[in-house]
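This briefing covers strand pairing, helix packing, domains and backbone details. Please read it alongside the sequence and the structure.

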Amino acid sequence: MNEHDSESIAGLLEYMNYVYSEDPKDADVVVMNTCSIRENADKRFFGVLGQFKKKKRENREFIICVCGCMPQQTHIVEKIKKQFSWVDIIFGTQNIGQFPELLERRLKTGKKQYDIIANNPDLEESKIKPKRLYKHKAFVNIVFGCNNFCTYCVVPYTRGREKSRELEKIISEIKYLAKDGVKEVMLLGQNVDSYKDIKENDFADLLQAVNDVKGIERIRFMTSHPKDISDKMIDCFASCHKLCKSIHLPIQSGSDTILKRMNRHYDSSKYLKIIEKLRKTAPDIAISTDIIVGFPGETEDDFQKTLDIVEKVRYDSAFTFIYSPRKGTPAAKFTDRISEDVIRERFNRLIESVNRISLEKNQKYLGKEYDIIVEGLSKNDESRYAGRTDDFKLVNFTSDKSLNEIKGETVKVLITDCKTFSLEGKAV
Ligand code: SAH
Ligand code: SF4
């Protein structure tokens with residue numbers, strides 16, 4: 001979601017005739033779009049922000065802007081005012097469209113422009129198109145904000161109350177994207193399963209409608225919430241042929257006691273039933289998850305239940321996080337914190353399980369051919385290309401073609417080797 005916000009901000013700057021600079025040191029305007037989901041994101045932000053102080057001192061015309069989740073928290077804005085008072089513009093997650101106005105006012109008056117809206121009920125539809133990271137794939141917001149208040153999470157405070165966009169508006173955006181060369185859309189929401197627009201269309205209705213858009217070949221979405229995922233939605237894996245056979249379904253913990261304390265509104269048996277239904281509907285579906293280790297009060301027995309569910313579900317991949325207390329959230333006040341040593345040791349055991357299973361699951365791709373949409377050069381080896389299968393596996397492969405010929409195209413690739421986080425292959 002932050003990445004998509006950055007695309008929107010870049011679109012606004014381009015509309016104002018700014019051009020992208022590879023190195024922030026050469027830029028006239030720098031916009032820092034921030035995340036605050038865990039503490040290390042906070043720390044990195046202040047570290048990087050501090051590096052611009054010298055540039056600002058040398059060049060008063062240089063403009064530095066801060067936006068995203070961090071300035072949606074009052075204590076962060078106070079800190080910027082006190083320690084980084086040379087920041088020119090601050091805006092939040094809910095008034096991105098106001099950025100051009102703030103920038104113009106700053107340029108005209110020379111005065112700082114700090115404007116954050118806490119809970120904007122009328123998030124307007126921007127007429128200015130985002131500058132997409134990829135030509136062939138696009139992010140599309142379907143639900144803004146979050147109403148779930150998981151006790152560890154800062155998102156409901158930084159992105160405000162949940163609001164679904166109208167189905168017609170989403171479809172008209174996707175039709176425009178398809179005409180502009182987009183093959184793959186990623187529908188975005190903190191909880192896509194609670195999508196409901198003013199005409200009572202739900203997430204499954206939306207998926208059916210996206211499935212009908214000409215030119216779109218792959219539909220992905222993120223993130224599903226086990227408390228809201230419906231049978232009607234699961235059926236879409238059978239009825240919508242463009243819906244990719246992969247789902248990200250965060251479990252967070254395998255212990256029902258911890259899930260309750262996290263305010264997740266499901267238990268492990270409900271979660272396992274969903275997995276069963278998903279696999280019945282789409283037997284080869286790739287399933288990924290998020291897991292938090294060391295939530296306050298987590299006993300060895302609770303943690304064992306997390307390991308158990310990992311072994312039962314056998315995830316294709318998992319994002320594993322060490323619990324990070326976030327100011328203003330209920331869990332930050334829980335006193336039964338787990339010691340760092342215990343968390344580290346549990347975290348390592350979890351990663352060992354998750355990685356072992358990922359590698360085992362990747363074996364099934366060996367010797368088979370898959371359609372890959374090519375994204376660009378491989379990150380670790382520029383003599384190869386990288387792309388994704390329908391079920392979101394990253395494939396690094398060789399081909400005789402040039403990047404220009406195949407970027408954004410669908411290529412058949414034979415899988416010749418597999419690793420924990422990727423597959424290797426060659427174009428056939
Ligand atoms: N809306 C999505 C994801 C939001 S944030 C959902 O509900 O699944 C992405 C992930 O970050 C979460 O799933 C959670 O695993 C992790 N996360 C959020 N807050 C955290 C915290 N305070 N400490 C550690 N991990 C956290
Ligand atoms: Fe955070 Fe929970 Fe909302 Fe996800 S559903 S964004 S974890 S509060």
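**Open sheet**

Strands β5, β8 and β9 form, in that order, an open sheet of three strands with parallel pairing. Two strands count as paired if DSSP finds at least two bridges between them, and helices (H or I, at least four residues) and strands (E, at least two) are DSSP runs numbered from the N terminus. This is a predicted model, in which local features need pLDDT of at least 70 and side-chain atom pairs count only at pLDDT 80 or more, while totals for chains, interfaces and linings use all residues. Residues are numbered from 1 along each chain as its sequence is written, chains are lettered from A and ligands numbered from 1 in the order in which they are written, and side-chain values use heavy atoms, with hydrogens and water left out.

- Five bridges link β8 (residues 184-188) to β9 in the parallel sense.
- Within this pairing, E184 is opposite R218 of β9.
- Helix α7 (residues 167-179) packs on the sheet and touches β5 and β8, with a direction at about 165° to that of β5; contact means heavy atoms within 4.5 Å.

**Barrel**

- Five strands make a closed barrel with mixed pairing, in the order β13-β14-β15-β17-β16.
- Strands β14 (residues 385-388) and β15 (residues 394-398) run antiparallel and are joined by four bridges.
- A386 has N396 of β15 as its bridge partner.

**Helix α9 with helix α11**

- Helix α9 (residues 231-239) and helix α11 (residues 268-281) have axes that come within 8 Å and cross at roughly 30°.
- The two helices are therefore roughly parallel; the classes are roughly parallel for angles under 35 degrees, roughly antiparallel over 145, roughly perpendicular from 65 to 115, and oblique for the rest.
- The α9 and α11 crossing is right-handed; a crossing is left-handed if the near helix is turned anticlockwise from the far one by less than a right angle, and right-handed if clockwise.
- On the α9 side, D231, I234, D235, F237 and A238 meet I274, K277, L278 and T281 of α11.
- By class, the residues of the α9 and α11 contact are five nonpolar, one polar and three charged; Ala, Val, Leu, Ile, Met, Phe, Trp, Tyr, Cys and Pro count as nonpolar, Asp, Glu, Lys and Arg as charged, and the others, Gly among them, as polar.

**Helix α2 with helix α4**

- The axes of helix α2 (residues 39-51) and helix α4 (residues 74-83) lie 13 Å apart, and the helices pack at an angle of about 20°.
- That angle is why α2 counts as roughly parallel to α4.
- The crossing of these two helices, α2 and α4, is right-handed.
- Residues D42, F45 and F46 of α2 and I76, K79 and I80 of α4 make the contact.
- The residues of this α2 and α4 contact comprise four nonpolar, no polar and two charged.

**Helix α1 with helix α5**

- Helix α1 (residues 2-15) and helix α5 (residues 99-109) cross at roughly 50°, and their axes come within 10 Å.
- Helix α1 is therefore oblique to α5.
- The α1 and α5 crossing is right-handed.
- I9, L12 and L13 of α1 meet F99, P100 and L103 of α5.
- The residues of the contact of α1 with α5 are six nonpolar, no polar and no charged.

**Domains**

- The domain assignment divides the chain into domain 1 (2-115), domain 2 (132-243), domain 3 (245-363) and domain 4 (366-427); the bounds come from an automatic or database domain assignment.
- Taken over C-alpha atoms, the centres of domain 1 and domain 4 are 36 Å apart.

**Backbone details**

- The peptide bond joining M222 and T223 is cis, with omega about 10°.
- T223 is in the loop between β9 and α9.
- N263, a residue other than glycine, has a positive phi near 65°.
- The loop between α10 (256-261) and α11 contains N263.

Conventions: Axes fitted to C-alpha atoms, helices over the stretch in contact; angles between N-to-C directions.
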